[in-house]
Structure formats: structure tokens, C-alpha cells
Amino acid sequence: MCRFFYLLLLVCIAGCAEAASLHFGVAPYLSARTLVLEYGPMCDFLSQQTTQKLRIGTAGSLRDYLRRVDAGDFDLILTPPHLARFAQQSMGFRPLVGIKSDFYALLLIHRNDPATTLSDIKGRTLNMPDRLSLVVQQVNTFLGGLGIDPERELRLRYHNTDNNAVLEMLRTPNAVAATSRAVYERMSNDITAQLRVLGSTSSTLSLVLMVHPRLDEAVVAALRDAMNRFPYSEPGLAYFNRTSSYIVPVDDAQLAAYDTQLAFVRKELYGGGGR
């Protein structure tokens with residue numbers, strides 16, 4: 001009998017330890033394996049600096065990811081800014097820090113394509129990742145600023161990942177693809193050797209680290225402090241050098257710039273019913 005209660009106690013202790021850990025949800029803009037490799041060092045650093053055990057999680061699509069965020073599955077999220085604003089407005093998440101890239105979305109064509117300006121791609125097929133992705137939002141705004149209406153002057157095709165958008169473009173004559181710089185720089189040399197960058201969006205806030213409102217203020221302060229130290233650590237230096245990005249402060253005014261996209265995100269996530 002004593003042995004039974006001893007084993008039961010061990011199970012309860014293990015369950016409490018797991019429950020006490022923080023679930024770190026990263027938006028699925030890369031494969032799950034690549035996300036773990038990319039953000040595992042950040043997760044480990046935050047765990048070491050705050051004594052809070054962090055576990056990385058994601059989802060198979062941006063919609064599934066947002067549904068998990070909405071369900072409260074994650075204590076921290078690392079997500080594109082338009083989805084960060086949605087999480088803030090709809091679920092009460094609070095921003096800690098942002099990550100800004102030197103430039104974000106790239107428009108790619110076949111290396112031997114004769115196009116020299118973006119006006120030359122009118123009438124073509126533009127392969128892009130998920131409609132909810134920041135790449136799509138940035139590219140639509142960028143092309144609109146050049147007087148190109150993507151909905152009317154291009155044939156838009158959406159794919160579940162950036163990689164698939166590029167691979168489909170390579171299989172299609174005269175096609176164009178849009179992807180993030182982060183994804184492009186992780187592609188193998190045999191793929192990038194077939195590509196040419198025709199255009200790029202400007203520097204942008206690419207990711208925001210957010211915390212769930214249920215987290216204790218002391219834990220939030222410790223996470224913010226640790227994240228601000230991360231760029232000066234060995235894994236942080238490696239990450240920011242590799243991604244050509246840097247930490248920036250984020251406030252409500254910056255995120256409010258994405259309010260125009262909230263209705264679209266809500267419709268994509270919840271359908272016509274909204275909430």
C-alpha cells in the first residue's frame with residue numbers, strides 16, 4: 001500500500017512540474033523541425049535566465065495556431081505583428097519585445113526570366129504562402145504602392161508554406177513567388193541558384209513576443225529582462241547575425257497600425273460568424 005501511494009506521489013509531482021512549465025507557441029512560418037532548431041536556443045536561454053521551464057509548440061497552419069492561441073494553449077507566443085495585434089485585442093495578450101528584420105518579403109522569379117521590373121509580372125501567377133501570413137500582407141501593400149492591384153492584375157495562388165510557394169513557382173513557366181527573407185536564406189543552394197530577386201519590401205517588424213494575461217507580473221518582468229539580454233548571449237548573437245534582425249521595443253501605437261487587418265484575420269479564423 002505504501003509503495004502505491006509513493007508511486008502516486010511521484011506521478012502527482014511530475015504532473016505539477018509539467019503544469020508549472022510555460023508553453024512557448026511559435027507561429028508556423030517554418031517547418032516544425034526548423035522552428036525547434038531556430039528557437040530552441042532562445043527557449044533554453046529564457047528557461048535558464050528565469051528558472052521557468054519553457055516548452056516549444058506550434059501548429060500545422062496559421063489558422064490552427066491562432067485557434068490554439070485563442071484556446072489558451074500558450075503562455076508566450078512569437079508571432080507576426082498583425083496576428084500579435086489580433087491576440088492583443090481579442091485575447092488580452094501583452095507585447096514584450098519585437099524582432100525587426102532588415103527587409104522582409106521577397107518577390108522571386110526564375111533566374112533566366114526576362115522581367116526587369118515588377119510591372120513586368122502583371123498577368124502572371126503569383127504563388128504566396130497562407131493568406132494569413134505577414135508575407136501576403138506585406139506583398140499586397142508593397143505592390144499596391146507601385147500601382148499594381150494583386151487581386152485584379154495577378155493570378156494569386158496560396159500554399160500552406162513559403163517553401164511550397166517557391167517550389168510551385170519553379171515548376172511553372174513565367175510564374176512569380178513571394179516568401180520571407182528568413183525562409184529564402186534557409187533554402188538549399190540548388191534551389192536559390194534557380195531564383196532571382198525581383199523586388200523586396202522594406203524593413204519591418206517581423207515577430208512580436210507576447211505573454212498571456214494569466215502570467216504573474218514577476219514572471220513577465222523576468223521574461224522581458226531575459227529577452228533583452230538574449231542578443232548579447234552566445235545563442236542570441238548567433239540568431240541575430242544569422243537572421244540579420246534585432247530586438248526593438250513594441251508599444252500599442254505600433255501594433256495599432258495593424259488594426260486595418262483585424263477584420264480580415266477574424267473572418268479567416270472564424271468565418272462569416274466572427275466574434
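This is a predicted model: local features need pLDDT of at least 70, side-chain atom pairs count only at pLDDT 80 or more; totals for chains, interfaces and linings use all residues.
The length of H5 can be checked against a simple expectation: at 1.5 Å a residue, its 12 residues should span 16 Å, and because its end C-alpha atoms are 17 Å apart, the two values agree. The buried residues in H5 include Leu134, Val135, Val136, Gln137, Gln138, Val139 and Leu143. The helix is followed by Gly147, whose phi is positive and near 85°.

Thr201 is placed in the loop between E9 and strand E10 (204-211). When residues up to four places away in sequence are not counted, Thr201 touches Phe103, Tyr104, Ala105, Gln138, Val139 and Phe142.

## The six-stranded sheet

A further open sheet has six strands in the order E2-E1-E3-E10-E4-E11, again with mixed pairing. Its edge strands are strand E2 (54-57) and strand E11 (245-248), each pairing on one side only. Neighbouring strands of this sheet are turned by 20° against each other on average, with direction ignored.

Strand E4 (residues 94-101) and E10 run antiparallel and are joined by seven bridges, and Pro95 has Met210 of E10 as its bridge partner. Helix H2 (residues 32-50) lies across strand E1 (22-26), E2, strand E3 (76-79), E4 and E10, and runs at about 160° to E2. Helix H10 (residues 217-229) also packs on the sheet, where it touches E1, E3, E4, E10 and E11, and its direction makes about 15° with that of E4.

## Strand E1 and its surroundings

Strand E1 is largely enclosed by the rest of the structure, because five of its five residues are buried. Leu22, Phe24 and Val26 point one way from the strand and His23 and Gly25 point the other way, and all are buried. E1 pairs with E2 in the parallel sense over four bridges, and in E2 the bridge partner of His23 is Arg55.

Helix H2 contains Cys43, which is buried, with a relative accessible area of 3%. Leaving aside neighbours within four places in sequence, Cys43 is in contact with Phe24, Leu54, Arg55 and Ile56. The C-alpha atoms of Cys43 and Ile56 are separated by 7.2 Å, and these two residues are 13 residues apart along the chain.

## Crossing of helices H3 and H13

Two packed helices are described by the angle between their axes and the distance between the axes. For helix H3 (residues 62-70) and helix H13 (residues 262-270), the axes come within 10 Å and cross at roughly 95°. Since angles of 65 to 115 degrees count as roughly perpendicular, H3 and H13 are therefore roughly perpendicular to each other.

The contact is made by Arg63, Leu66, Arg67 and Asp70 of H3 together with Val265, Glu268, Leu269 and Tyr270 of H13. By class, the contact of H3 with H13 has four nonpolar and four charged residues, and no polar residues.

Note on methods:
Residues are numbered from 1 along each chain as its sequence is written. Side-chain values use heavy atoms; hydrogens and water are left out. Helices (H or I, at least four residues) and strands (E, at least two) are DSSP runs, numbered from the N terminus. Contact means heavy atoms within 4.5 Å. Two strands pair if DSSP finds at least two bridges between them. Axes are lines fitted to C-alpha atoms, for helices over the stretch in contact, and angles run from 0 to 180 degrees between N-to-C directions. The expected span of a helix is 1.5 Å times one less than its number of residues. Buried means under 20% relative accessible area, exposed over 50%, partly exposed in between (1.4 Å probe, protein chains only). Angles under 35 degrees count as roughly parallel, over 145 as roughly antiparallel, 65 to 115 as roughly perpendicular and the rest as oblique. Ala, Val, Leu, Ile, Met, Phe, Trp, Tyr, Cys and Pro count as nonpolar, Asp, Glu, Lys and Arg as charged, and the others, Gly among them, as polar.
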